[in-house]
Amino acid sequence: MKDVNLEGLSKHIEEATIQTWFFEEGDMVSEGDDLVELSTEEGTAVIPASATGILAEVYYDEGETVAKGETLCTIDDDASKEDEDDEDDDDEDDEDEDKDKDDDDDGDKKKK
């Protein structure tokens, strides 16, 4: 799990207000995606995803004020690794099926 914290604001800004979440809990995000737009006394800022994975939990709703350093949300970066592992397993299964099919074809030729 990877926490996304409220960081990168000017030194004298101590809080920001959540304006818009660009993703919902359960959505897949990629590192660098814009996650949330915040407003401060100086203007707006966008916080990007710090990892690729599933947006597991959002801790603040739109309109709420967040102090600098607080955790905005959590990204389950293990989920994206599991998806990659599942794809690898699928590839291996496909190869096994192809091999079995070839074996069957050889058997058909011998019978004739």
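**Overall architecture**

The protein comprises eight strands and one helix, with helices (H or I, at least four residues) and strands (E, at least two) taken as DSSP runs numbered from the N terminus. Along the sequence these elements follow the order β-β-β-β-β-β-β-β-α. Of its 112 residues, 25% count as buried, that is, under 20% relative accessible area, whereas exposed denotes over 50% and partly exposed the range in between (1.4 Å probe, protein chains only).

**Model and confidence**

This is a predicted model, in which local features need pLDDT of at least 70 and side-chain atom pairs count only at pLDDT 80 or more, while totals for chains, interfaces and linings use all residues. Residues are numbered from 1 along each chain as its sequence is written, and side-chain values use heavy atoms, with hydrogens and water left out.

The average pLDDT (the predictor's confidence in each residue, from 0 to 100) is 83 for the protein, and 70% of the residues score at least 70. Confidence is highest in β2, at 97, and lowest in helix α1 (residues 77–111), where the mean is 59.

**A patch of negative charge**

Glu-14, Glu-15, Glu-41 and Glu-42 form a patch of negative charge on the surface. Patches are made of residues with over 30% relative accessible area and no salt bridge; like charges are joined within 9 Å, and nonpolar side chains (Val, Leu, Ile, Met, Phe, Trp, Tyr) within 5 Å. A salt bridge is a side-chain nitrogen of Lys or Arg within 4 Å of a carboxyl oxygen of Asp or Glu.

Glu-14 counts as exposed because its relative accessibility is 52%. Although 27 residues separate Glu-14 from Glu-41 along the chain, their C-alpha atoms are 9.8 Å apart.

**Glutamates in two further loops**

Glu-24 occupies the loop between β2 (15–21) and β3 (28–29). With a relative accessible area of 59%, Glu-24 is therefore classed as exposed. Its C-alpha lies 9.6 Å from that of Ile-54, a residue 30 positions away in sequence.

Glu-62 is located in the loop between β6 (53–58) and β7 (65–67). Its relative accessible area is 46%, so Glu-62 is partly exposed. Glu-62 and Gln-19 are 43 residues apart along the chain, with 5.3 Å between their C-alpha atoms.

Key:
Areas by Shrake-Rupley, 256 points an atom, 1.4 Å probe, with all protein chains shown as cover. Lys, Arg positive; Asp, Glu negative; His and termini not counted. Charge placed at Lys NZ, Arg CZ, Asp CG, Glu CD.
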